[in-house]
Amino acid sequence: MNKNSKVIALVAMIIMTGTLMFSWSSCNKKAEYTAPIVPGNEPITTMRLIFQNINEPSDVDTAIWTQLNTNGGPIDFSQAHATLKTNASYHVRIDVLDLDFPVSNDTPYFVTPLIEARRNFHLFCFQANASFYGNFSVETPGWGTTTASSLNIYREDSDSNTPPLAVGLIDSFVTGSDSSAGILDITQHHQPNVKNGTCPPGSLDIEATDTIYISPNKP
């Protein structure tokens, strides 16, 4: 073999060795884990509760709480109230909307479908605001149990966690036998990767307050 042939053979061997080493290194490189992006808080300006008496379908009421410009704009309480009958059970649906960015001038942006899609990350919580009325009490007992509270609230929907956890977009409101009135605090909790069935984890998407009247004399 002449000198040139030896040089060519040596170069070919070096290239082949480098290619094999690169191939081995590429095949044995460990895959890097990328954590999924945690969804941020949904923009919500409005919470709407629609009440329908289970035994009297014509008995319907709606409460709407709105705060345009969620950075501190004025709150509209003018429609944030509902009257329920005593000793009654109401099917309640909660809608959340973003009126700051409507689909069109006449069509609000409904955030509810997004919350439904992200139900594993969300929980609605309810409690009485005792700073205004002293005779109004609220509990969220488990199904099959009742309390002596003015209002017992049962969350009817659940997510796909294991085990499933409540959400609260769909609820049953069961009133007591005594007339009462009070402020109901309703909060939507944003709980990606920390949801455990309780209210404290995570942050708040929206905190609304509605005045609830419970009366046997509702027409």
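Predicted model: local features only at pLDDT ≥ 70, side-chain atom pairs only at ≥ 80, totals over all residues.

The protein chain contains 2 helices and 12 strands. Reading from the N terminus, the order of elements is α-β-β-β-β-β-β-α-β-β-β-β-β-β. The chain has 219 residues, and 38% of them count as buried. If we take the contacts with a separation of 6 or more, 63% of them come from residues 24 or more positions apart.

Let me turn to the sheet. It is an open sheet of 4 strands, ordered β4-β12-β11-β7, and its pairing is mixed. At the edges we find β4, residues 81-85, and β7, residues 122-129, each of which pairs on one side only. From one strand to the next, the twist averages 30°. The pairing of β7 with β11, residues 180-190, is antiparallel and extends over 8 bridges. Within that pairing, C125 has T187 of β11 as its bridge partner. I ask you to remember C125, as I shall return to this residue.

In soluble globular proteins, nonpolar side chains tend to be buried together. Here the largest nonpolar core has 31 residues, and the members that touch the most others are M47, F51, F124, F126 and F173. At least two core residues come from each of β1 (46-53), β2 (60-67), β4, β5 (89-98), β7, β9 (151-155), β11 and β12 (203-215). What does F51 contact, once its neighbours within four places in sequence are set aside? The list includes D59, V60, A82, L84, Y90, V92, F173 and I212.

I move on to the charged pairs, where the count is 6 salt bridges. One of them joins E42 to R118, with the closest N and O atoms 2.8 Å apart. E42 belongs to the loop between α1 (3-27) and β1, and R118 to the loop between α2 (112-117) and β7, so this pair ties together parts that are 76 residues apart in sequence. Are the two partners buried or exposed? E42 counts as buried because its relative accessibility is 4%, whereas R118, at 27%, counts as partly exposed.

A further salt bridge is that of D59 with K218, whose closest N and O atoms are 2.6 Å apart. D59 sits in the loop between β1 and β2 and K218 in the segment after β12, so the parts tied together are 159 residues apart in sequence. Both of these residues, D59 and K218, are buried.

The side chains of D159 and K195 form another salt bridge, at 2.8 Å from N to O. This pair links distant parts of the chain, 36 residues apart: D159 is in the loop between β9 and β10 (170-175), and K195 in the loop between β11 and β12. D159 is buried at 6% relative accessibility, and K195 is buried at 12%.

I now return to C125. A disulfide is a covalent bond between the sulfur atoms of two cysteines. The structure holds 1 disulfide, formed by C125 and C199 with their sulfur atoms 1.9 Å apart. The link of C125 and C199 is left-handed, with -105° about the S-S bond. Since C125 lies in strand β7 and C199 in the loop between β11 and β12, the pair ties together parts that are 74 residues apart in sequence. C125 is buried, at 6% relative accessibility, while C199 is partly exposed, at 26%.

Finally, the backbone. Most residues other than glycine have a negative phi, and most peptide bonds are trans. Where do we find exceptions? The peptide bond from T162 to P163 is cis, with omega near -5°, and P163 is placed in the loop between β9 and β10. N87, although not a glycine, has a positive phi of about 50°. N87 lies in the loop between β4 and β5 and counts as exposed at 59% relative accessibility. N193, likewise not a glycine, has a positive phi of about 70°. N193 is found in the loop between β11 and β12, and at 62% relative accessibility N193 counts as exposed.

Thank you for your attention.

How values were computed:
Residues numbered from 1 in each chain as written. Heavy atoms only, no water. Pairing = 2+ DSSP bridges. Axes fitted to C-alpha atoms, helices over the stretch in contact; angles between N-to-C directions. Core = buried A, V, L, I, M, F, W, Y, C linked by side-chain atoms within 4.5 Å. Buried < 20%, exposed > 50% of the residue type's maximum accessible area, 1.4 Å probe, protein only. Contact = heavy atoms within 4.5 Å. Salt bridge = Lys/Arg side-chain N within 4 Å of Asp/Glu carboxyl O. Disulfide = S-S within 2.5 Å.
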